[in-house]
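User: Hey, I've got a protein on my screen and I'm new to this. Can you walk me through it?
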Amino acid sequence: MKDFPEALCGLWSDEDGKAVYIVKIEPLVLKTAVIFNLIEQLEKGSLHIDEHLKQLSTRWAYDEQRKINRLQIEAGIENLGPTYNLYISSVGETPTSFNFTSFILEEIILLPEVKMGLYDDYDDDLGVEWGFPYKNYQKTPEIIMEKFRMLVEFNENGTIK
């Protein structure tokens, strides 16, 4: 399996201001933080990230059923679920046709999906209410990333403290 591309690490946001910050720890192993109201918070000059959403275990996994790779973010109990999955695609493509060797970063979108865990019931939000509504993520502009970096403390491995 090909590793998650370094170029896709960093800060991604949706049109509602929800953001995910992705850091590669080692091949196929990542950490993700989820931030709400990113733009509003940056405009105020302070940033709050829920403690339980700062360092979510994430792995670059192969979806056997769909025959594509995805970021599988542990949103509940590790290895039991639920998970918040992000599929990579670009404008005019589907996740299954995405070319990992040549892509235009500005055209990449991350498609979210919540998957039920082993012991979840069939509630509407599957235990990941923050994952809804589904809105695609796009890489945030560098100016937003700079403001984000100024307001966040990072560990040596790039994860958020």
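Analyst: One term to begin with: a strand here is a DSSP run of E with at least two residues, and strands are numbered from the N terminus. Pro 82, for instance, sits in strand β6. Keep in mind that this is a predicted model.

User: Okay, how many helices and strands does the protein chain have?
Analyst: There are 2 helices and 8 strands in the protein chain. Starting at the N terminus, the order is β-β-β-α-β-β-β-β-β-α.

User: And how compact is the protein chain?
Analyst: It's as compact as a globular protein of that length, because its radius of gyration is 15 Å, close to the 15 Å that the globule rule gives for 161 residues. The C-alpha atoms fill a box of roughly 45 × 40 × 30 Å along the principal axes.

User: What share of the residues is buried?
Analyst: Buried residues are 45% of the 161 in the protein chain.

User: Which residues touch the most other members of the largest nonpolar core?
Analyst: Phe 4, Trp 12, Ile 22, Tyr 84, Leu 86 and Ile 88 do, in a core of 23 residues. At least two residues of this core come from each of β2 (19-26), β3 (29-35), β4 (56-63), β5 (68-77), β6 (81-90) and β7 (108-115). In soluble globular proteins, nonpolar side chains tend to be buried together.

User: What does Ile 22 contact, skipping neighbours within four places in sequence?
Analyst: Its contacts include Phe 4, Leu 8, Trp 12, Leu 30, Leu 71 and Leu 110. There's also a second, separate core of 15 residues, with Tyr 21, Ile 35, Leu 38 and Leu 47 among them.

User: Back to Pro 82: buried or exposed?
Analyst: Buried. The cut-off is under 20% relative accessible area, and Pro 82 has 5%, so it counts as buried. Val 128 is 46 residues from Pro 82 in sequence, yet their C-alpha atoms are 7.2 Å apart in space.

User: Where is Asp 63?
Analyst: Asp 63 is in strand β4. Its relative accessibility is 6%, so Asp 63 is buried too. Leaving out residues up to four places away in sequence, Asp 63 touches Ile 68, Arg 70 and Tyr 87.

User: New topic: how many positive and negative side chains are there?
Analyst: The protein chain has 16 positive and 28 negative ones, and the centres of the two sets are 4 Å apart.

User: Last one: how much accessible surface does the protein chain have?
Analyst: About 8900 Å², and 50% of that belongs to carbon and sulfur atoms.

Key
Residues numbered from 1 in each chain as written. Predicted model: local features only at pLDDT ≥ 70, side-chain atom pairs only at ≥ 80, totals over all residues. Heavy atoms only, no water. Helix = DSSP H or I, 4+ residues; strand = E, 2+ residues; numbered from the N terminus. Rg over C-alpha atoms; globule rule 2.2 N^0.38 Å. Buried < 20%, exposed > 50% of the residue type's maximum accessible area, 1.4 Å probe, protein only. Areas by Shrake-Rupley, 256 points an atom, 1.4 Å probe, with all protein chains shown as cover. Lys, Arg positive; Asp, Glu negative; His and termini not counted. Charge placed at Lys NZ, Arg CZ, Asp CG, Glu CD. Core = buried A, V, L, I, M, F, W, Y, C linked by side-chain atoms within 4.5 Å. Contact = heavy atoms within 4.5 Å.
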